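Please look over the structure below with the following notes at hand; they concern its fold, its surface and its charged side-chain pairs.

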Amino acid sequence: VHLAAVNAALARLDDGTYGRCTECRGPVGDERLAALPWAALLCIDRDRIEAHNVSSHSLASAAVEEQP
């Protein structure tokens, strides 16, 4: 666990947004928070963001490989 993730969770606790997805504001859920108290995203939002990041990375890598 990164200290930044824990500190961000503590900040959400202070500002009253702990337990809410930072992307869609939906409830993260007790089971997810019990497993990962620093969780900031619903699984579906996390998966969507990670898929986008992988796609962006793949496109950037392909562009670099195409350069002479």
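1. Glu 23 has a relative accessibility of 43% and therefore counts as partly exposed, a class that lies between buried (under 20% relative accessible area) and exposed (over 50%), with a 1.4 Å probe and protein chains only. Its side chain meets that of Arg 48 in a salt bridge, at 3.4 Å from N to O, and Arg 48 is likewise partly exposed, at 45%. The pair links distant parts of the chain, 25 residues apart, with Arg 48 in helix 3 (residues 43-66) and Glu 23 in the loop between helix 1 (3-15) and helix 2 (30-35).

2. A salt bridge here is a side-chain nitrogen of Lys or Arg within 4 Å of a carboxyl oxygen of Asp or Glu, and the count by this rule comes to 2 salt bridges. Asp 47 and Arg 46 form one of them, their closest N and O atoms being 2.8 Å apart; Asp 47 is partly exposed at 39%, as is Arg 46 at 26%.

3. The protein has 3 helices and 0 strands, where helices (H or I, at least four residues) and strands (E, at least two) are DSSP runs numbered from the N terminus. Of its 68 residues, 18% count as buried.

4. This is a predicted model, in which local features need pLDDT of at least 70 and side-chain atom pairs count only at pLDDT 80 or more, while totals for chains, interfaces and linings use all residues. Residues are numbered from 1 along each chain as its sequence is written, and side-chain values use heavy atoms, with hydrogens and water left out.
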